[in-house]
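Subject: Structure for your files

Dear colleague,

Here is the structure I said I would pass on. My notes follow below it.

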Amino acid sequence: MTDLAQFIAGLPKAELHLHIEGSLEPELMFALAQRNNVAIPYASVEEVRAAYDFSNLQDFLDIYYAGADVLRTRADFHDLAMAYFTRAAADGVVHAEIMFDPQTHTDRGIPFAEVIEGLLSAMAAAEAEFGLTSQLILSFLRHLPEEAAFATLKMAEPWLGRITAVGLDSSEVGHPPAKFARVFAAAREKGLKITAHAGEEGPPAYVHEALDLLGVDRIDHGNRALEDEALVARLAAEGMTLTVCPLSNLKLCVVKDLADHPLDRMLAEGLKATVNSDDPAYFGGYVADNYRAVAEARGLSRDDLVTLARNSFTGSFLPQEMVARHVERLEAYAAG
Ligand SMILES: Nc1ncnc2[nH]cnc12
Ligand SMILES: [Zn+2]
C-alpha cells in the first residue's frame, strides 16, 4: 500500500451518500439469484462487470433496477448490507448514512418490513462487530408520482423512529424537486431530516428548488451548482454539505476525466464537500477508492483529505456531541 493509500484507509470518515442497492456486487447477485431461484440475464460475473459501461445516469439506473430483482427476503437485505459494512469498515468508515429505495422492492411485491428489518439487523450487527454506527435514509424514486412517495411514507410509519431522513433519487432531469414539495413537507413534520439528489445531471435551478421547496439539510452531488455563482455563494454561506461522488461522476459521464473533477474547486469556493461512493459495486470503488482516485487526479493535500473527512462528520445527521467526538479522533489521527 502506498503512503497515501495507507493515510486514506486510516482516516476516520463517515459515508453520507451510499445507495445500499448499489453495493450489490456481481458475486452476491449470482449467489442470491441462485438462493431465490431468480433468472438473471448474465452468464458470469465477468459478463455482469462488462455490462457496467454507462453513458449517463439513466443507462446505469436501468441496470441497477434490474439487478435489484435478486433481492427478495429479509436475509438478502441483511447480507447485502453486511457486505457493505464489512467493506466500509476496512476503508476507515466509522459511521454510514445509507439510502434505500423501498419502491424498487415494494413495487415487485416485496413487503416493506422485509426490506427494512433486514437492513436494521445488519446495522445492529455492524455496530456490534465493527463499532460502525449507521442511520437510514428512505429515498423516494423521483420518476414515480408524488402520490407513490406519499404511499411509501405511510408504509414506513411503524418504523419512523428508526429512519433518520428522507431522500430523493433516480432519474433527475424532468423530475424537479418541486414535484415532491408536499411529501417532503409531510416528512419534515414527522421529524425526518431531508436530503435530495440535485445538480448531478439536472440544472442549478433544481438545487435552488431543493433548498427553497424541499428545505434540504444536505445536497447529494450538487456538481452543477458550480454553474451559478450566486448559488455557490448561498451554499457556502449556509454551510450546506454536498455529498460528492467522484468515481460515480466519472462512470456516469458527469465529468469526462477525473482530472477535470471540481472537488478541490468546491473546497476553494468554501463549499462543505464530502467524498462518497454512491453505488460502489457499479462504479468501481468504495469510499477509500474515491478519496484515492480524486486525490491522485487533482493532487489533493493531506490537509484537503482531512477537511473532506471533517466535513463528513459535521455534515452527518449525528448529534453534536458525537460529531465532536469523531472530529477529535480525526484531528488526533491527522496530527500523527
Ligand atoms: N447516482 C444516482 N443518482 C440518482 N439516483 C440514483 N440511484 C442510485 N444511484 C443514483
Ligand atoms: Zn446517489
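Predicted model: local features only at pLDDT ≥ 70, side-chain atom pairs only at ≥ 80, totals over all residues.

Ligand site. The shell around ligand 1 consists of H19, G22, L57, D169, S170, H197, E200, S248, D278 and D279. Sorted by class, that shell has one nonpolar, five polar and four charged residues.

Annotated residues. Two residues of this shell, E200 and D279, also carry annotations. UniProt, in an unreviewed entry, lists D279 under "binding site". D279 sits in the loop between strand 8 (272–275) and helix 14. It counts as buried because it has 24 C-beta neighbours inside 10 Å. Leaving out residues up to four places away in sequence, D279 touches H19, G22, Y64 and S248.

For E200, the unreviewed UniProt entry gives "active site". E200 lies in the loop that runs between strand 5 (193–198) and helix 10 (204–214). With 23 C-beta neighbours inside 10 Å, E200 is also classed as buried. Its contacts, again without residues up to four places away in sequence, are L57, E172, H221, N223 and V254.

Helix 4. L57, which is in the ligand shell and touches E200, belongs to helix 4 (residues 57–67). Which residues of helix 4 are buried? They are L57, F60, Y64 and G67. These residues lie on the same side of helix 4, because they cover an arc of only 95° around the axis. Helix 2 (26–36) and helix 14 (280–283) are among the elements that cover them.

Core. The largest nonpolar core has 95 residues, and the members that touch the most others are I20, A81, L119 and A210. In general, nonpolar side chains tend to be buried together in soluble globular proteins. L119 has contacts with I20, F77, A81, F100 and L136, not counting residues up to four places away in sequence.

Helix 17. L330 is part of helix 17 (residues 320–334). Is L330 buried or exposed? It counts as buried, because 20 C-beta neighbours lie inside 10 Å, and the cut-off for buried is 20 or more. L330 touches P12, V306, A309, R310 and F313, with residues up to four places away in sequence left out. Of these contacts, A309 is 21 residues from L330 in sequence, and the C-alpha to C-alpha distance between the two is 7.8 Å.

Regards

How values were computed:
Residues numbered from 1 in each chain as written. Chains lettered and ligands numbered in written order. Buried ≥ 20, exposed ≤ 12 C-beta atoms within 10 Å, placed from the backbone. Helix = DSSP H or I, 4+ residues; strand = E, 2+ residues; numbered from the N terminus. Arc of directions from axis to C-beta. Contact = placed C-beta atoms within 7 Å. Near = placed C-beta within 6 Å. Nonpolar A, V, L, I, M, F, W, Y, C, P; charged D, E, K, R; others polar. Core = buried A, V, L, I, M, F, W, Y, C linked by C-beta atoms within 7 Å. UniProt positions renumbered as here; feature names shortened; annotations may be inferred.
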